[in-house]
Amino acid sequence: MTKPVDTGLMPSFQSFFPLEHLTDGISHMGQMINAVQDLKGRPIGMVSMKELVGYYMQHQVSNSMKGILVQLTFETTPYEPCIHPMSSLTKTTISDLRYNTRHEGSYILLRLITGLDITGTLFAIAEDENQRVIPVQLFNQNSLPGNELLEIYSAFIVKEPLVEVVGWGEVGIRVDHASDFKCISRYSEDLPAGWKKSIKEKRTVAQWKAVATELYKTGLYAQAVECYSKALEIPSPPGRVQTLRFNRAQALCKLGRSEETLLDLGILTPAMQSYDTALYRKARTFYDLRQYRKSSEVLSVLCKAYPKNPHANRMFSESIKRLLEEKTGMYSFKEMQTKLLARHIVRLEYATYIGPIEVRPASVTGRGLFSSQDVKAGELLLCEKAMAYFSEEDASKRMLCRGYRVGLDSAKAMPLARVELVHEMVRELRTKPSWMADFMNMYHDSYKSTVSSFHDDDGGALVDSFLVHKVMVHNMLHSDTCTRDTYVLRSESKSVFEEERSDFAMAQQPPCGIWRMASFANHSCLLNAQHSFIGDMLIMRATMDIAAGTEILIRYRERATDFLKASKWNPFEDRGFACTCDLCQSIDYTDERILKLREAVLRDLQLFVETVFIESRPGKVEVGDLMMKMNTLLATYEEIDVYLPRLSVFEIKYALTRIFDVGGLPYAAAGLAVECFMNLGYSLTGAITMENQVVSGPLAIEKWGMLDYRLVKCWLILARSYRIMAPHLEHAAKDYAMLFYKMVVGEDHSFNSAYKKMMS
Ligand SMILES: C[S@@+](CC[C@H](N)C(=O)[O-])C[C@H]1O[C@@H](n2cnc3c(N)ncnc32)[C@H](O)[C@@H]1O
């Protein structure tokens, strides 16, 4: 037998590091991973139980300081989930494991000998039947309901175990695919005698049922399902089978395994006891699967048979509301926001409405969203419930630490929030296999997954978590918990200049999610549709009048400046593309020296304006000086690009608009507000300014430009100025303010309070 080999390197005992030592942490782990790479295929070094538990305890100590430390975990080379049923795998043990090897055709049976750390990726120490010990790190399992592996001595199986350096610097088993891992009930007959809760060899149906009921009562639903299934393996009369399947359905439902729940409920007949409860469960399950028509059909039967059942009636009216939303796009956005605020829940129960849009081949990459008819500015194109969603609230609820997942080859670190989104998506797919086809259809670049059968031994979907990761990278959208609140915060900020928002700020990782229909939309800085959020509901509205057959383009991220070329500022690098909209192209074609000059003049002007603003001396501004600097800034733009947004000019003009408005100079403020629109590519007609007092026709937008949330305030300032200068135009300016508000925050019911505040 080959002698086990040691790496010769000390494990780091921890995967948590102070922020300032992250690079040291990465380099230490890199060394460990390289050392182990050289030992590939050789038997793993053995560590004693005492040593390993000692490391684990040290890890726990550093973990308890997680408020100031961040966790590092590492990516591995993608591999596919095991596609073989348990019956075709052979058992292996720890002493047979090899360094950096996936043990194909084998499975390993283990049980925990420490608690399971759940603050980052799950990990713990486990032993096999020979009392050999090994660390185990589980990815994509955190949010799996029914992961009841929380107690010490819980037993589990890892299919085709992969041995690598695990998160805290020791060699161990890492599990990336949820389906490669299976909890084993302590009542299972497959366990070694000493690991079983009871050693009774043969159980009757009644005994299995009693055990299952007990497990259900203590909240161990996955184990209850297992025991009900054992009972169902033994032939029984139809009535008993129905009861068992009904009970199993209840447990499956608790685990969120909706589709399996429906299968069990499908065989029930009206003759059975608790048929009303069964129907109610069925309706609820359809509802959870977002199949509102089926849910209301079941509820209509239930309400007819049991007209006094209050739960059924309430549920029926909710289902009908969802059906209407789905059909008409009529939502109570006010109710949505109230629910979000009152209950501090980010996942809302609303249906998805798909408006006048469709998926077609696009000119950039693959497919895109297109308008299926003429659309007016502000029209609702889509209101979509997230497929998967993750927010800081979820992290704090689960006491998750902050962390990064590092790709040693790419030297890129991914915030834990995104890792969690992958987990969330895996969970949804495992429990709702019918989503798989839609999911597989989402853009995932060149990643190929040959997993063709989508079900594992338990009927759960076989999910390739590396594929989920790829889909997430390309399709994820960062969101606000509530765009209206973000808008209010931003627009009420004292600073007249927009501070750059960093997505990677440690203190605030924005929520993120995957929306299936929205994910077909391609990006352009010169957007024609804007998306906003209320919890996990995404609202997409047209930001201009759009002709039928036009591609709908959203802005994945705002372009912060117009003095950086894509080579210096490409927020879409990880998505494998750079924006080539007309604005980005014009910046790319501009000489580097001119862009540098643009930046320098902008900074100079910002300082100048800030000084004036802080000193509140707008009347005494040295106009000549300001004009000269402004002209220098304007000269950095090509004359011919007159309709392309000039972001730096807009920045200054917007600040000045606010200054003159606050300073009580309505004519100057109105003139500047109109210029703000021009700077973003709009062309207005009928707008009265100091220079242009004789205009004919109503105030209108002749040409639409690039939406910016600050334009709402420009309209409001224009309305306020017109109250004095041209009262007949105040109303039209206010209406535009309301329209722009709706395009930015997704709804306009809250507009009047914002408007009142501004006008008072
Ligand atoms: C959310 S998907 C958009 C839909 C995708 N085109 C499809 O075929 O399913 C995002 C991916 O589309 C591509 N994409 C989006 N906007 C693009 C653009 N402006 N230029 C080039 N590729 C773009 C990128 O590959 C990006 O990762």
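Analyst: Contact here means heavy atoms within 4.5 Å. Please keep in mind that this is a predicted model.

User: Okay, which residues is Ser479 in contact with, leaving aside its neighbours within four places in sequence?

Analyst: With those neighbours set aside, Ser479 is in contact with Tyr389, Pro510, Pro511, Cys512, Trp515 and Phe533.

User: And where is the place of Ser479?

Analyst: Ser479 sits in the loop that lies between β19 (477-478) and α15 (483-491).

User: Buried or exposed, then, for Ser479?

Analyst: Ser479 counts as buried, because its relative accessibility is 5% and the cut-off for buried is under 20%.

User: Switching to the ligand: how many residues surround it, and which are the closest?

Analyst: The ligand is surrounded by 15 residues, of which the closest are Thr365, Arg367, His474, Ser519 and Asn522.

User: What about backbone atoms and the ligand, say for Arg367, His523 and Arg575?

Analyst: A backbone N or O atom of Arg367 is 2.7 Å from an oxygen atom of the ligand, while for His523 a backbone N or O atom lies 2.9 Å from a ligand nitrogen atom. A polar backbone atom of Arg575 is 3.3 Å from an oxygen atom of the ligand.

User: What does the ligand expose when taken alone, and how much of that does the protein bury?

Analyst: Taken alone, the ligand exposes 560 Å², and the protein buries 95% of that.

Methods
Residues are numbered from 1 along each chain as its sequence is written. This is a predicted model: local features need pLDDT of at least 70, side-chain atom pairs count only at pLDDT 80 or more; totals for chains, interfaces and linings use all residues. Side-chain values use heavy atoms; hydrogens and water are left out. Helices (H or I, at least four residues) and strands (E, at least two) are DSSP runs, numbered from the N terminus. Buried means under 20% relative accessible area, exposed over 50%, partly exposed in between (1.4 Å probe, protein chains only). A residue is near a molecule or strand if one of its heavy atoms lies within 4 Å of it. A polar contact is a pair of N or O atoms within 3.5 Å; within protein, one must be able to donate a hydrogen and the other to accept it, and residues adjacent in sequence count only if both atoms are side-chain atoms. Accessible areas come from the Shrake-Rupley method with a 1.4 Å probe; for residues, only the protein chains shown count as cover.
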